[in-house]
Amino acid sequence: MSPQDAAIHFFFGIVAVDLDLAVEARQSLQRAVELDPDNAYYQYALGGVELQMGGAEQALVHFRT
């Protein structure tokens with residue numbers, strides 16, 4: 001696996017969510033979405049983190065995608 005593999009960033013983001021590291025989760029999930037914007041799982045996870053961080057408007061963008 002390489003740093004350009006979105007799955008690595010998604011996995012780290014999910015682990016960060018589990019550890020209550022919201023900023024790190026958002027950064028990792030954002031990178032996963034940048035690398036694979038058509039993946040609904042990545043978009044949904046990022047939307048959930050955005051929602052918890054108070055960014056309802058930004059979360060809606062990801063949920064709609």
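Buried means under 20% relative accessible area, exposed means over 50%, and partly exposed is in between (1.4 Å probe, protein chains only). The exercises below use these words throughout.

This is a predicted model, in which local features need pLDDT of at least 70, side-chain atom pairs count only at pLDDT 80 or more, and totals for chains, interfaces and linings use all residues. Residues are numbered from 1 along each chain as its sequence is written, and side-chain values use heavy atoms, with hydrogens and water left out.

**Exercise 1. Find the place of Asp20, classify its exposure and describe its phi.**

Step 1. Start with the place: Asp20 sits in the loop between H1 and H2. Helices (H or I, at least four residues) and strands (E, at least two) are DSSP runs, numbered from the N terminus.

Step 2. Asp20 has a relative accessible area of 68%, so this residue is exposed.

Step 3. Now look at the backbone: phi of Asp20 is near 60°, a positive value in a residue other than glycine.

**Exercise 2. Describe the aromatic pairs and say which helices they link.**

Step 1. Set the rule: rings of Phe, Tyr and Trp (its six-membered ring) pair if their centres lie within 6.5 Å; planes under 30 degrees apart count as stacked, over 60 as edge-to-face and the rest as tilted. The structure holds 2 such pairs.

Step 2. In one of them, the ring centres of Phe10 and Tyr42 are 4.7 Å apart and the planes stand at 35°, so the pair is tilted. Distant parts of the chain are linked here, with Phe10 in helix H1 and Tyr42 in helix H3 (residues 40-52), 32 residues apart.

Step 3. Compare the two partners with the cut-offs: Phe10 is partly exposed at a relative accessible area of 22%, while Tyr42 is buried at 9%.

Step 4. Tyr44 and Phe63 also make a tilted aromatic pair, 5.3 Å centre to centre with 50° between the planes. Tyr44 lies in helix H3 and Phe63 in helix H4 (residues 56-64), so this pair ties together parts that are 19 residues apart in sequence.

Step 5. Tyr44 counts as exposed at 60% relative accessibility, and Phe63 is partly exposed with a relative accessible area of 32%.

**Exercise 3. Locate the salt bridges and classify the partners.**

Step 1. A salt bridge is a side-chain nitrogen of Lys or Arg within 4 Å of a carboxyl oxygen of Asp or Glu. Searching the whole structure gives 2 salt bridges.

Step 2. Arg26 and Glu50 meet through their side chains at 2.8 Å, N to O. This pair links distant parts of the chain, Arg26 in helix H2 and Glu50 in helix H3, 24 residues apart. Arg26 counts as partly exposed at 37% relative accessibility, whereas Glu50 counts as buried at 7%.

Step 3. Arg31 and Glu34 form a salt bridge at 3.2 Å, N to O. Both lie in helix H2, 3 residues apart, which is about one turn of the helix. Arg31 is partly exposed with a relative accessible area of 28%, and Glu34 is partly exposed at 47%.

**Exercise 4. Report the confidence of the model.**

Step 1. pLDDT is the predictor's confidence in each residue, from 0 to 100. The mean for the protein is 88, and 97% of its residues reach 70 or more.

Step 2. Among the elements, H2 has the highest mean pLDDT (94) and H4 the lowest (79).
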